[in-house]
Each structure stands twice: as structure tokens, then as C-alpha cells.
Amino acid sequence: MPNLVRPVALALAAALVLTGCGAEVTSQDEGGDAKARGGHYPVTIENCGQKQSFDKAPQRVVTNDVGITEIMFALGLEDHMAGYVMPDDRGDLTSVPWEDGYQKTKWLSKKTINKELVLDARADLVFAGWNYGFNEGEGFSPTELERVGIDSYLLSESCRNGRGKARGVMPPLEALYADLRNLGKIFDVEDRAEALIADFRKQVAEAQAKAPKGADRPRVFLYDDGQDKPLTSGLYAGPHDIITKAGGDHVMKDLEDSWATVGWETVVERDPEVIVINDYGDTTADQKRKFLKSYPPLAGVSAVKNDHIVVLDYAELVESPRNPAAIASLAADLRKFAS
């Protein structure tokens, strides 16, 4: 993707408040900025292999789920949002860098996003993804929205790769950076996007410098949910980069998908030394831990025998501005287990 960086004005530095687990950005007068720069639109971006053009910044965006919503908040775009859709099992939203965004933006629904909801919100753009809101089987897709005059932006983690319904076309963190750059261009906040990316890259590099290396890298499995068969992360979902950059050897790195179901026999065969639990949903992290430790086929797995089981929040593991901080957190856990 071409370099979209512009010279960073001193005013931008005052607008960015970098935090330990991301960057918090205050809103600005977008119209004034655009005029000062001599005009910005129309702009064209590439999203999931498709080119899209915008004559102006969308003003009534509806987002689906926590990671997608927080990408908008991290860019300081809450004033461009009609609201967000999210279940109420996505963890504590009051102690994140983007708490103000949640306070300023309407929680439209705790149920499934649908066409009627976004029409009622007078949305001009829906930011969601395949199986992150868009579902052709339920009649909610970019094609359906286009028919009623609503634009869509697809989460890059969820891009289909051309083989059935498998998802993912680029490394997870690169997907996050691609979305930040695209949205920066769409909303004329490219400097903000580049500042966030630079901060995230710095966080990741600092975590990698302290992460286990070589023979000390433990084998790691991501457990999302499921008892008959586990749902886990493949090569293209957030946990792959979180695990590998934190100093782990992701045991499902050959699974060319984002999120997918595998068999327990595969988990046992690959003998993870650490299991990361994805904390969300009706089944608590403690209940998931108890299942893993009591399920007979897993009794001989190293992570279970040694109780090397850690918990990360859902919002840290899906594509979101929380990914870099999750890498640092997991790296600290893996160092502890290696010592």
C-alpha cells in the first residue's frame, strides 16, 4: 500500500494522547482541516481487494462489535458515528483508553446487527466484517446495503481469501494497520492513523525485544470456546501475531483461516505448553479453565499438566487497537513460564 503520511503538524501532537495500551485521540474540526489542506476528496481506497471511492467523509457510521468500534474511537471519529452494535459480554468498557468514545456514542443494540437497524440509524456506512456482522445467510451483506444506498467497509481480518468461506488475506497486525490507513484516508485523518501505527509498532517492538526466543519459545494454543471441538485462531486472526510476537510458537500457524474449528486430537498431538483462553460469552474464563483441566483427553497435554493457562480478553484477541498491549501482556506471561 502506498505511503499516505503527510507532514505532521504541531497541532496533531497536542491532539494525540498516547497511553500504555494504545492511543487516545481527541476530536477536531474535520471540515476546517480539509479546507486548510486545500481539499481532500474524492479519495479511493482498496478494501478486501475491492476499490472504493468516497466524495466526502461518512457522517453516520454504524459499527459492529468491540474491536471495530474501538478502531473508530482510536482515530477520534466518534463524531462521525450514528452508533455501535455490541453484545454486553465484551468485558469492561469503562477502563479503556477510549472510554470517552463509548460515553459519546449511542449503543444501538446488544443483539445482532441487521438492515432494519442501520436504516433506522440513517447510516451512511456500516463498518463490520464477514462473521463480524455481515452474514449472507441472514440477508445482511455489503451487496444488500448497497441496494439501499448504504456503503460498507469490511474489517480486513475477515476478508475472504477466495477458497470457500475461509477468511484472512494478510498478517493480523498488518490488517489492523491497513484498516487504520484506509479509514485515515476516508475520514481525512491520515496523520492520526500514522501516529497510531507508529505507536503500535513501537509497543510491539519493545515487547518482542523482551520476548522468549529460540528454544525458549513455548508452543501455544488459543482456546476460544467449544467442548466437542474447539474454536481457535488460525494464521490470519489476531491471536497468531499476538502469540508469535510475544515469543510463542503458535501451534495452529498452518491453519490458513482466521477463526476455525479443529479437533481435540490435533491439539493433543501438538502438545501446547501454554493455552490462552479467549474471555467472552456466556461461558466464563474460569469455566473454560475448569473444562480444560477436567477433560480427560487433555490430561497429558503439557499446558494442562503444568497449569500454564492464561486469559486474554476478547477485545484484545480480535483485530483492535488493543492488540499491541496484548502482545506485551502475553510476552510477560511467557517469560514467567520460561523462567
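Strand E8 and strand E9 (residues 133–134) run side by side in the parallel sense, joined over two bridges; strands count as paired if DSSP finds at least two bridges between them. Within this pair, Gly129 sits opposite Gly133 of E9. Strands here are DSSP runs of E with at least two residues and helices are runs of H or I with at least four, both numbered from the N terminus. This is a predicted model, in which local features need pLDDT of at least 70 and side-chain atom pairs count only at pLDDT 80 or more, while totals for chains, interfaces and linings use all residues. Residues are numbered from 1 along each chain as its sequence is written, and side-chain values use heavy atoms, with hydrogens and water left out.

With strand E5 (residues 61–64), E8 pairs in the parallel sense over three bridges, and Val62 faces Val126 of E8. With strand E10 (residues 151–154), the pairing is again parallel, over four bridges; there, Ser152 is the bridge partner of Val126. Buried means under 20% relative accessible area, exposed over 50%, and partly exposed in between (1.4 Å probe, protein chains only).

Now for the nonpolar cores, meaning sets of buried Ala, Val, Leu, Ile, Met, Phe, Trp, Tyr and Cys residues joined through side-chain atoms within 4.5 Å. The largest has 61 residues, and those with the most contacts inside it include Phe127, Phe187 and Leu330. Apart from that one lies another core of 17 residues, among them Val262 and Trp264.

Leu330 also turns up among the buried residues of helix H14, along with Ile327 and Leu334. H14 (residues 323–338) has 16 residues and reaches 22 Å from its first C-alpha to its last, close to the 22 Å expected at 1.5 Å a residue (1.5 Å times one less than the number of residues).

Asp188 lies in the loop between helix H7 (172–186) and helix H8 (190–210). Asp188 is buried, with a relative accessible area of 3%.

As for confidence, the mean pLDDT of the chain is 89, and 88% of its residues reach 70 or more; pLDDT is the predictor's confidence in each residue, from 0 to 100. Over residues 1–38, though, the pLDDT is below 50. Where pLDDT is low, the predicted coordinates should not be read in detail.

Key
Contact = heavy atoms within 4.5 Å.
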